[in-house]
Amino acid sequence: MKNFGGPLLAFWLLLVAPSAWAQKFGWIDSEFIMNKMPEYAKAQVELNALSDTWQKELEAQKKDLDKLYRTYQAEEVVLTEPMKKKRQDEILKKEQDIKTYQNKQFGYEGQIFKKRQELNKPVQDKIFEACEKVAKKKSLAVLFDKSGDLTMLYTNPAHDYTEFVLEELGLGAEDRNQPGPKGAVKTVAPPKTPVDPNFESDSGTPEPAAPTKAAPKTTRPVKKGSK
């Protein structure tokens, strides 16, 4: 969530000295972590239910306003000026009531905002505690939040500690943070010795030619009586 990264970053920046920038650092994705937590999913269900209820109430009030306005338009020609003024005041008041209700429920720091903070705070506290444990175990001087207000133009996966925080929360995946599988061992056939006697090896010394077997000698049979 956007409101989580700021406090997390400020906390670590206050804890470390300026020289900490030369030390180890890392980053996490708190929004990704939250979406993995069952308690966060439960909080969102409750929050959505409240939002739907308040939205339906708001829509009902808007329908009442629309009905008042259409009735006024239909009867305007037969109304006296005092009656018109009264109807207009009713419509204006209804409009103001709707705006007030909308701001109260969905506006900045309205009920939906406060309820979201209330429901998400326990989740954020758990993530914060897990981040602190990971930072101490991994000797990190600074731990950023990729989902926070801090703009991170590039993130090196080597410094991603999101999965370590998930492990602290008991939500780590078995296929993460594990050494990669070793590939099959390939064998290479040794090079054959060249048959050219003038071929030079890497050492520059001519390789001896392979010995060849001498052809067997043939003897002519000696005839009797010859000299």
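Asp-145 lies in strand S2, which spans residues 142-145, in a predicted model where local features need pLDDT of at least 70, side-chain atom pairs count only at pLDDT 80 or more, and totals for chains, interfaces and linings use all residues. Residues are numbered from 1 along each chain as its sequence is written, and side-chain values use heavy atoms, with hydrogens and water left out. With a relative accessible area of 2%, Asp-145 is buried (buried means under 20%, exposed over 50%, and partly exposed in between, with a 1.4 Å probe and protein chains only). Its side chain is joined to that of Ser-30 by a polar contact of 2.7 Å, and a polar atom of the Asp-145 side chain also lies 3.1 Å from the backbone nitrogen of Ser-147; a polar contact is a pair of N or O atoms within 3.5 Å, where within protein one must be able to donate a hydrogen and the other to accept it, and residues adjacent in sequence count only if both atoms are side-chain atoms.

The structure also holds 10 salt bridges, each a side-chain nitrogen of Lys or Arg within 4 Å of a carboxyl oxygen of Asp or Glu. One of them joins Asp-66 and Arg-70 at 2.9 Å, N to O; both residues lie in helix H3, 4 residues apart, about one turn of the helix. Here Asp-66 is partly exposed at 38% relative accessibility, whereas Arg-70 is exposed at 54%.

Another salt bridge links Glu-168 with Lys-137, whose closest N and O atoms are 2.4 Å apart. Because Glu-168 lies in helix H6 and Lys-137 in helix H5, this pair ties together parts that are 31 residues apart in sequence.

How values were computed: Helix = DSSP H or I, 4+ residues; strand = E, 2+ residues; numbered from the N terminus.
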